[in-house]
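Me: I'm new to this one, and I'd like to talk through its charged side chains. Could you take a look with me?

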Amino acid sequence: MVKDVARTVVPEAAWSRLADARWQASDWFERTRTESDQLGLPAAATLAATSFAHRAGRVEPERRSLYPLSVRGFRHPVYYREGTSDPDVIRQVFGQLQYAPVADGDLRTVLDLGANIGCAASFFLHRCPLARVVVVEPDADNMRVCRKTLAPFADRVTFACAGVWPTRTRLVVDRGNFGDGREWSFQVRPARPGEDADVRGLTVPDLLALGRFDTVDLLKVDIEGTEQTLFGPGSDAWLARTRTLAVELHGPGCERTVSNAVSRFPHAATRAGELTIFRFAGRPRTAGETP
């Protein structure tokens, strides 16, 4: 009865806003509680608040400043943009520890194909003090964030604002047409005749040369479906120089292509979250050796 009377005084829209606010507060507390164990309370609370601000439409996409976020157990902050997929990447890498199974302390050479905002590279550089990393990211704004996050490791990082492709070619960054369309799902494709290219397409051997790597201890691949093209003919040459491959596979076609490519090498395969991890038996071969 009291509730019915109150509804005659308070507009229905106000009740709806109040109910939504209560739900958001409850969700914020629950998300913060579950994520704070790994990220730390300040970082978990910040990411939760950022998610709600975006959901409520209070983020101006054209004014995306960079914000630092200190994560428990990591010396240097990571940077993110509000209203983007950046908070989800941070949760995946630092909250869910997706790359922990391949962050061996003795890692020395890492190719990060599809570096996005640099979270995985930051994880490796913190956990593996001997590691040197080549980060490859085709989107200029993602690379802007990546450079800021990895600035403290400048002497151990080589940046390539480029796309990875089986051959050297001109590439266009395709935004918003794959996955959820957000910043972590951008793709590349060859430029059409007469079309302006956004970035260069570099091969894996090009990137090994850029980092001055004879072999690669960890090849991390998250390239939004391009793995179906990358792991085709010619991939034997650089897989023979790889010790561990950690790849996020995007669909059955990509799974078949990668599985076929690695099948020619003795290996053990495991899963970790969205990653498929292939550890190749024996030492990787150096350039010029026959697979």
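**Salt bridges and burial**

Reply: At 23% relative accessibility, R243 counts as partly exposed, where buried means under 20% relative accessible area, exposed over 50% and partly exposed in between, with a 1.4 Å probe and protein chains only. This is a predicted model, in which local features need pLDDT of at least 70 and side-chain atom pairs count only at pLDDT 80 or more, while totals for chains, interfaces and linings use all residues. Residues are numbered from 1 along each chain as its sequence is written, and side-chain values use heavy atoms, with hydrogens and water left out.

Me: Which side chain does R243 meet in a salt bridge?

Reply: R243 meets D217 at 3.5 Å, N to O, a salt bridge being a side-chain nitrogen of Lys or Arg within 4 Å of a carboxyl oxygen of Asp or Glu. The pair links distant parts of the chain, with R243 in strand β11 (residues 242-248) and D217 in strand β10, 26 residues apart; strands (E, at least two residues) are DSSP runs, numbered from the N terminus.

Me: And D217, buried or exposed?

Reply: D217 counts as buried, at 12% relative accessibility.

Me: OK, what about D112, which residue is its salt-bridge partner?

Reply: D112 pairs with K220, and their closest N and O atoms are 2.7 Å apart. D112 lies in strand β3 (residues 109-113) and K220 in strand β10 (residues 216-221), 108 residues apart. D112 is buried at 0% relative accessibility, and K220 is buried too, at 3%.

Me: How many salt bridges are there in the whole structure?

Reply: A search of the whole structure finds 13.

Methods: Helices (H or I, at least four residues) and strands (E, at least two) are DSSP runs, numbered from the N terminus.
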